[in-house]
Amino acid sequence: METFINPKSLFHLLLLPCLLLYSSIAYNSSPVEAAMHTNNWAVLVCTSRFWFNYRHMANTLSLYRTVKRLGIPDERIILMLADDMACNTRNKYPAQVFNNENHRLNLYGDNVEVDYRGYEVTVENFLRVLTGRHETAVPRSKRLLSDEGSHILLYMTGHGGDEFLKFQDSEELQSHDLADAVKQMKEKHRFKELLIMVDTCQAATLFNQSPGVLAIGSSMKGENSYSHHLDSDVGVSVVDRFTYYTLAFFERLNIYDNASLSSLFSSYNPSLLMSTAYYRKDLYKRRLEEVPVTNFFGSVMETIHTDAAYKALSRRNSGRFEDEMSLDQSVHHIKRRMLIKVNDGDEIHDINPEGEEGASKCPWSTFRKKFQKAENVDSLLNYGLVAMIPLLVISTWLVQ
Amino acid sequence: MVLLQRPHILLLLIGTHQFLQCWIAFGSVNEEGQKQAEFSEELLLKPLPDHKLLAHFHFQSSGPPSTSNGCHHHLFPKAISQLVQKFRIKEMELSFTKGRWNYESWGGFDPLSSSNAKPPGVELWAVFDVPQHHIDASWKNLTHTLSGLFCASINFLESTATYSTPEWSFPPASGNVRYGTLPCEAVCTENLTPWLKLLPCRDKAGIALLLDRPSLYRGFYHSQQLHLTSTGSSSEGIDSGIILEQTLTVVLQPNSEMAIEVHASEKHIQPSWSLSSIFGKQVSGRCVLAKPSSVYLLLDRGLSAANGLTSENFWSNPSFELSANPDRIFLEESSSHSKSLSILYMFQVEKYCESEPFDIGLMWKVPVAWLCQQTPLHASRFLMGSGNERAAIAISLKSTQFTEGFMSANSKDGSCELRVDVFQVVPWYVKVYFHSLRVFVDQQPRAVSDIIEKIHVSPSKDKMSPGVMEVVLKLPCRVNTAALTIEFDKGFLRIDEYLPDANQGFDIPSAIISFPNFHASMVFLEDDSLNKSPLLSKFQEKCPVMSYTEVLLVPLTTPDFSMPYNVITITCTVFALYFGSVLNVLQRSVAEEERFLKAKAAKKTGRLPLLLSKLSAKLRGRRLEPLHSPPSSSSFINSKLVLKVILVAGLAVGWQYFFS
């Protein structure tokens with residue numbers, strides 16, 4: 001009997017490290033799998049009540065239409081509208097909402113699904129949607145069922161101020177509440193990447209405290225965001241400037257376009273917006289030139305070619321393939337980057353941590369960087385003056 | 001013995017098993033033969049006396065019992081059958097209504113108005129087939145599910161303060177019924193879209209093609225309903241399926257341009273209309289899955305009488321012209337109490353196709369005036385009193401002359417009595433004093449016990465449950481007016497209980513006035529009962545006459561919502577000032593401060609160290625710069641730059657000149 005057992009135990013002993021190895025490989029490969037971008041979600045919030053805030057609902061519905069057109073299905077869009085504008089008795093065009101005075105496009109088409117509306121749009125419900133802490137009875141259509149492979153677009157519009165956004169004219173969402181919710185989402189692996197887009201006065205202050213996100217706001221601290229134009233038939237302003245120019249950018253695109261986020265960000269012209277669009281990317285890992293807008297505003301997944309169907313082994317290959325893909329994309333992007341460089345002067349870089357870090361590491365590169373920038377002429381001149389003194393001394397010494 | 005017995009049992013078992021199998025198989029085949037999933041689509045058009053048009057869409061799907069075909073769904077929407085199964089619903093009705101049904105001019109005594117006139121906003125009632133203590137939990141989950149399904153905030157009905165349990169005055173009287181309304185809920189496209197998604201053809205084919213959103217919501221009245229009846233309960237063992245009725249009732253104003261062109265002189269002529277002029281669309285064939293797919297035009301009793309149409313000459317219509325020939329004409333079964341009869345023209349959609357779409361039009365030739373049949377008493381409700389402390393609700397019932405003759409015909413031997421049921425729910429912040437209930441008949445106060453036969457009251461509990469009042473009134477037949485008044489105090493809410501637009505006021509849901517002795521039904525003479533339409537069979541059902549009163553808007557005392565912030569701010573400032581100064585006085589040591597000031601003065605005098613530090617900062621780059629000097633404006637930098645350049649150039653020139 002023992003002779004039978006021994007090989008078996010030996011086999012077991014051999015198997016154990018193999019298993020361990022396999023498990024460690026699996027463990028290592030699992031983050032690769034988790035890092036894959038698998039789905040897209042959008043949370044679109046209009047926080048203003050009352051008829052004169054028509055434009056905020058039009059903003060939100062325009063974004064809703066855009067993300068739907070670019071491929072995010074209705075069940076992955078959480079739409080929150082704080083009031084009913086379409087069937088409001090003041091609306092001359094029942095069941096229709098327009099974002100332009102030409103009335104060419106009815107945003108409230110035949111297929112709108114509003115998930116939270118009216119009195120349901122509260123700070124509490126908003127934070128519940130983000131953090132996923134609902135009552136058990138709440139149906140799936142009202143939940144943000146994202147996972148660690150999700151890209152989420154969070155769009156908010158309404159009236160706001162320094163570090164807050166008003167909900168329904170009765171309560172406020174503060175920037176630290178939002179930051180806390182985002183942090184919880186991060187901890188719970190509810191998103192892979194999150195883009196916060198805010199169209200309100202002093203929008204930049206709202207996401208100042210949020211960790212690990214990409215964010216864009218319509219105005220800096222101390223600036224107002226303005227409406228674009230008034231529709232004399234509807235009787236109120238119908239769209240805000242920031243959203244109007246965002247839509248102008250997206251109307252040119254379709255689902256197959258490869259336009260990058262940086263081209264969106266650089267498309268905002270402060271003189272047209274009458275405010276400075278502020279974006280924050282310091283906590284974002286990828287280069288903006290390499291991220292297509294459809295990563296957030298649409299639902300375009302990377303197709304991965306595998307030879308073997310339904311096999312676990314293909315995982316590692318896919319990871320490698322992804323790398324190749326990204327390399328490929330970066331090559332494609334070089335041309336675009338060249339184009340972007342032209343507009344560089346218009347771009348507003350408020351936070352530039354790379355420059356600060358680089359100063360201590362590699363002075364030459366920082367010098368070169370500073371050379372490139374027009375705003376650093378002063379320091380450059382100082383360097384030049386200091387360098388001139390020894391030259392002068394040497395030249396006089398030689399002359400003598 | 002044991003060995004001998006065993007085979008017997010085995011045989012018996014096998015035998016019964018086989019028999020059971022056969023029986024089950026036979027039963028299922030039989031059931032499938034009888035109960036297939038069915039779907040029907042119908043549209044009823046009815047001209048109204050005040051130059052408007054009523055369009056009533058009626059879609060009915062019946063689902064076979066879940067046992068016969070498991071979880072497979074052909075025509076019946078899966079979401080609904082899951083809903084019924086999960087919450088064990090016997091009957092449910094959900095309605096989304098915008099606008100108010102005008103009982104005076106649109107009638108209240110026909111089956112169409114008594115079952116389709118609904119209170120504004122959302123109304124939901126459901127009868128459950130679960131034990132008494134589970135009903136509230138089922139109701140809560142049902143409201144959440146429906147709010148997800150129909151994109152509405154029905155989930156506000158989950159709290160016990162919003163729904164009630166009618167005991168007997170609400171028509172589907174049963175102990176397991178729950179009733180709730182949201183009077184201020186908005187109704188719009190997003191509610192209609194999921195409702196349409198329950199139809200097998202959605203709004204892509206058939207009659208539902210007409211549902212053009214802007215023209216629907218432009219109407220005066222819009223009511224979208226969903227009625228569920230689960231005809232069998234699993235507890236009884238017989239499960240015969242679910243019937244889902246979806247109705248949409250709209251009252252629209254036809255464009256009167258056509259009429260003006262033709263008869264510019266005549267102002268009272270009814271506007272002519274056609275389907276394409278009302279909805280902007282035409283019906284291009286039926287939904288292939290719908291079995292009866294038909295459009296009806298109903299001329300009610302008053303109209304046919306005004307036209308002089310009787311059972312003999314209904315083919316000739318002197319006052320109007322139809323653009324399409326009806327396939328069939330139904331006459332109402334003559335009843336004892338009215339001479340004139342309703343006429344129903346039927347058009348079958350099956351005959352029309354894409355190339356030849358169905359578009360019925362009605363052209364009036366001469367002006368016609370008529371009245372719709374009214375409810376025995378016209379009910380209205382209003383608020384009395386002023387101020388923010390107390391007020392009173394009054395429900396007034398006014399006799400409509402129209403039905404007087406009918407009532408006298410109904411009376412037997414002098415003691416004629418008219419029974420009226422009143423069902424009223426009030427939110428908890430309207431604190432009703434039930435002892436203050438007073439009754440007036442023909443403007444004379446009467447003793448409550450004389451008129452009220454039966455009363456059931458459940459007082460409201462603060463933030464817990466609403467107040468419910470159910471009253472049965474016995475009024476003499478010859479009554480002209482009757483009124484009920486009841487006083488209430490306005491309650492105080494906590495600051496977080498106010499709605500964002502609290503200044504608008506708070507709604508008191510509609511009261512339901514029903515007349516249980518009167519039944520509205522319309523029986524049409526049909527020659528074949530095989531091809532029965534669900535809409536017509538619905539009309540034949542005896543439904544009690546009901547009417548809803550107006551929604552009341554109660555202004556409650558609203559605080560200044562910024563007051564707490566003001567108080568907090570002022571208190572904090574006062575506290576900070578007080579504690580700050582006290583701490584300052586306690587902690588300050590004069591000698592230390594003087595020493596500090598001296599040291600500071602000494603620091604200021606030395607210019608050289610300052611210059612040196614500046615120079616070192618500049619040499620190190622920009623990083624330390626903001627520590628020393630504030631950022632200066634660009635123009636200043638420019639002038640400084642120019643000065644520096646000139647200085648260096650001058651220095652260089654001087655140097656060169658000096659040495660050369």
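## The sheet in chain B

In chain B, strand E16 (residues 390-399) and strand E22 (residues 481-490) run antiparallel and are joined by 9 bridges. Strands here are DSSP runs of E, at least two residues long, and helices are runs of H or I of at least four, numbered from the N terminus; two strands count as paired if DSSP finds at least two bridges between them. One spot to look at is Leu397(B), which sits opposite Ala482(B) in E22(B).

This is a predicted model, where local features need pLDDT of at least 70 and side-chain atom pairs count only at pLDDT 80 or more, while totals for chains, interfaces and linings use all residues. Residues are numbered from 1 along each chain as its sequence is written, chains are lettered from A and ligands numbered from 1 in the order in which they are written, and side-chain values use heavy atoms, with hydrogens and water left out.

Zoom out and E16 and E22 belong to an open sheet of 5 strands, in the order E15-E16-E22-E18-E19 of chain B, with antiparallel pairing. Strand E15 (377-384) and strand E19 (444-446) of chain B are the edges, each pairing on one side only. From one strand to the next, the twist averages 30° (axes are lines fitted to C-alpha atoms, for helices over the stretch in contact, and angles run from 0 to 180 degrees between N-to-C directions).

## The sheet in chain A

Chain A has an open sheet of 3 strands, ordered E5-E6-E7, again with antiparallel pairing. Its edge strands are E5 (160-161) and E7 (171-174) of chain A. E5(A) pairs with strand E6 (residues 164-167) of chain A over 2 bridges, and Gly161(A) has Phe164(A) as its bridge partner in E6(A).

Helix H3 (residues 123-131) of chain A lies across E6 and E7 of chain A, at about 35° to E7(A).

## Where the chains meet

Counting contact as heavy atoms within 4.5 Å, the interface takes 43 residues from chain B and 38 residues from chain A. About 3800 Å² is buried between chain B and chain A, with carbon and sulfur atoms giving 59%; that is the accessible area (1.4 Å probe) that two parts lose on being put together, summed over both.

There are 6 salt bridges between chain B and chain A, each a side-chain nitrogen of Lys or Arg within 4 Å of a carboxyl oxygen of Asp or Glu. Arg49(A) forms a salt bridge with Asp501(B), their closest N and O atoms being 3.3 Å apart. On the side of chain B that touches chain A, H19(B) gives the most, with 8 residues.
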